[in-house]
Amino acid sequence: MRYVILLSTLLASSAAVADSSSSTPARQGDCQTGISFSDIYSKPDDLALNYCYLQQKIDEGDIKSAIPVVERILLLEPHQNRARIIYASLLYHSDMMVEAREEFEEVRSRPLPQSDEWLVLDYLRRIDELDQRATQTLSVSVTGHHDNNINNAPDDDTILFYGYEFDFPQKKVEEYGTEFNLSYDLDYAWGDYRQHAAIASLQYTRDNFATQDSLDFSSWYGTLGNRFDFDGLNLTISGNAQHQSLYGEGLLRSHGGSISSSYAWDLKDLNLYINTRLSTGVSSDNYIAPGASGSSGKRYYSKVAGSLTFDKVHNLYMALGYSTKEARIEASSYTNWSTSMSYRWTASAGQSIAAFVSQSRTRYSGSSEFVTGDPSLVRRSKPLFASLALTLPVNLVENMDLTISGERQLNRADISNYEYRNTRWSASVTKLFSL
């Protein structure tokens, strides 16, 4: 754990742990192992033994037992600055922030070595940050993009119409567009300096096309919930609502809720950070566009995901997802399995390269009668998506990035009408504000 390394280093950073007028100083390497409380009870005034016992408790990560040990040391040597810093640090890592601040401010008034003074100031800065319970961020991005098949024209020159095959070549339409994204996030920490937090977010997207105005799209999406921290296990419960419009006309209204849990392992000795996440949720989708009400219904989804970060620059992410939709018409009801994987490399200057690929399989409960002539026929599709993105910091402006990306989408299906492919190139500028 982080505090174990920090406090052990603090103990070992000075050869002497007592004033020259006190008992013989204890060094980290001189300490015997397996010290028991009976050893301390038999020699309560042995400063060196108490320091070794304190070192043992810190190495074990037993903060609760370490606090009375350092309190006993301070009774023996009340002017030991380093012992008081260790005591304040233990209070900090026990979420006793009021007491920790008092101890840090008291020891700061004394003459300290520069390294110890910097450490005290860093702890006081952390406590100040925890006092600022609300964290707000605003992200704004503008994107220009080009698609070579915006109308999703089928690959085959023949299509099905009421079960009959017709020659019907469709030309792929190339199109340019601009996309605007606005994202606001709020975290409000609550509790006695625990990581519990109320969370809220709001995202707005607007995509305008140069000539295909009927495809202009906008969306509002908001979430509200709470994240609980149980000794490293994060549990998040939230509700969400969404409104989508197409060409200025209402398309979809939805609302739902989700629950997710995550846990991480920080393996410092291996320069490895592992994070796992499991989530599930439900959404009630209400299509309000004319002729689209048959697609309305409840959608259930779940996902298990994991990420591995090595040496702080390599990140590998993998996920498996499942979703099912119960729509009013069979042609819009489906079950879906999806797998995805991504890799990101980040340089020390902030540049990054990210690759992403996903494959899914969707089985619909039926099919459109005007296509197959038989709505009981099952429709299947296997979409494949891949992307590659390069992100570069804009050095002239703080917290601004330029991202250039390419995307390839290939939709394979057992009905030729739904087989198509599209390539998109885009460039975006994103600015992050900390409020």
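Colleague: How many bridges join strand β4 to strand β5, and in which direction do the two strands run?

Modeller: Strands β4 (residues 175-189) and β5 (residues 197-209) are joined by 13 bridges, and they run antiparallel. Please keep in mind that the model is predicted. To place the pairing on the chain, take Gly177, which stands opposite Phe209 in β5.

Colleague: Which strand is joined to β5 by eleven bridges?

Modeller: That strand is β6 (residues 217-230), and the pair runs antiparallel. A reference point for this pairing is Ser201, which stands opposite Thr223 in β6.

Colleague: Let us turn to a single position. Where is Ser262, and is this residue buried or exposed?

Modeller: Ser262 belongs to strand β8 (residues 249-267). For the second part, one needs the cut-off: buried means under 20% relative accessible area. Ser262 has 11% relative accessibility and therefore counts as buried.

Colleague: Which residues is Ser262 in contact with, once its neighbours within four places in sequence are left aside?

Modeller: The contacts of Ser262 are Gly232, Leu233 and Asn234, together with Asn275, Thr276 and Arg277. A separate distance concerns Ser279, which is 17 residues from Ser262 along the chain; their C-alpha atoms are separated by 8.6 Å.

Colleague: How many salt bridges does the model contain?

Modeller: The count comes to 13 salt bridges. One of them pairs Asp155 with Arg421, with the closest N and O atoms 3.2 Å apart. Asp155 lies in the loop between β1 (134-147) and β2 (158-161), whereas Arg421 lies in strand β16 (residues 420-434), so this pair ties together parts that are 266 residues apart in sequence. Asp155 is partly exposed at 32% relative accessible area, and Arg421 is partly exposed at 31%.

Colleague: Which elements does the salt bridge between Asp285 and Arg299 tie together?

Modeller: The side chains of Asp285 and Arg299 meet at 3.0 Å, N to O. Because Asp285 lies in strand β9 (residues 272-287) and Arg299 in strand β10 (residues 297-310), the pair ties together parts that are 14 residues apart in sequence. Accessibility separates the two partners: Asp285 counts as buried at 6%, whereas Arg299 counts as partly exposed at 24%.

Colleague: What is the distance between the closest N and O atoms in the salt bridge of Lys268 with Asp266?

Modeller: Those atoms are 3.3 Å apart. Both residues are partly exposed, Lys268 at 38% relative accessibility and Asp266 at 40%. Salt bridges may also link several residues: Arg84, Glu103, Glu106 and Arg110 form such a network.

Colleague: How does one check the length of a helix, for instance α4?

Modeller: One compares an expected span with the distance between the end C-alpha atoms. Helix α4 (residues 63-76) has 14 residues, which should span 20 Å at 1.5 Å a residue; the end C-alpha atoms are 20 Å apart, in agreement.

Colleague: Which residues of α4 are buried?

Modeller: Buried residues in α4 are Ile63, Ala66, Ile67, Val69, Val70, Ile73 and Leu74. In soluble globular proteins, nonpolar side chains tend to be buried together. In this model, the largest nonpolar core has 34 residues, and among those with the most contacts inside it are Val70 and Ile73. Leu54, Leu90, Tyr92, Phe104 and Val120 are also in that group.

Colleague: Which helices supply at least two residues each to this core?

Modeller: They are α3 (47-60), α4, α5 (81-93), α6 (97-108) and α7 (114-131). Helix α5 gives the largest share, eight residues. As a local view, Val70 touches Leu54, Ala83, Ile86, Tyr87 and Leu90, residues up to four places away in sequence not being counted.

Colleague: Finally, the backbone. What is the phi value of Tyr162, and where is this residue placed?

Modeller: Phi of Tyr162 is near 55°, a positive value in a residue other than glycine. Tyr162 is placed in the loop between β2 and β3 (164-167), and is partly exposed with a relative accessible area of 43%. Asp311 also has phi near 55°. Asp311 is found in the loop between β10 and β11 (314-327) and counts as partly exposed at 40%.

Terms used
Residues numbered from 1 in each chain as written. Predicted model: local features only at pLDDT ≥ 70, side-chain atom pairs only at ≥ 80, totals over all residues. Heavy atoms only, no water. Salt bridge = Lys/Arg side-chain N within 4 Å of Asp/Glu carboxyl O. Helix = DSSP H or I, 4+ residues; strand = E, 2+ residues; numbered from the N terminus. Buried < 20%, exposed > 50% of the residue type's maximum accessible area, 1.4 Å probe, protein only. Expected span 1.5 Å × (residues − 1). Pairing = 2+ DSSP bridges. Contact = heavy atoms within 4.5 Å. Core = buried A, V, L, I, M, F, W, Y, C linked by side-chain atoms within 4.5 Å.
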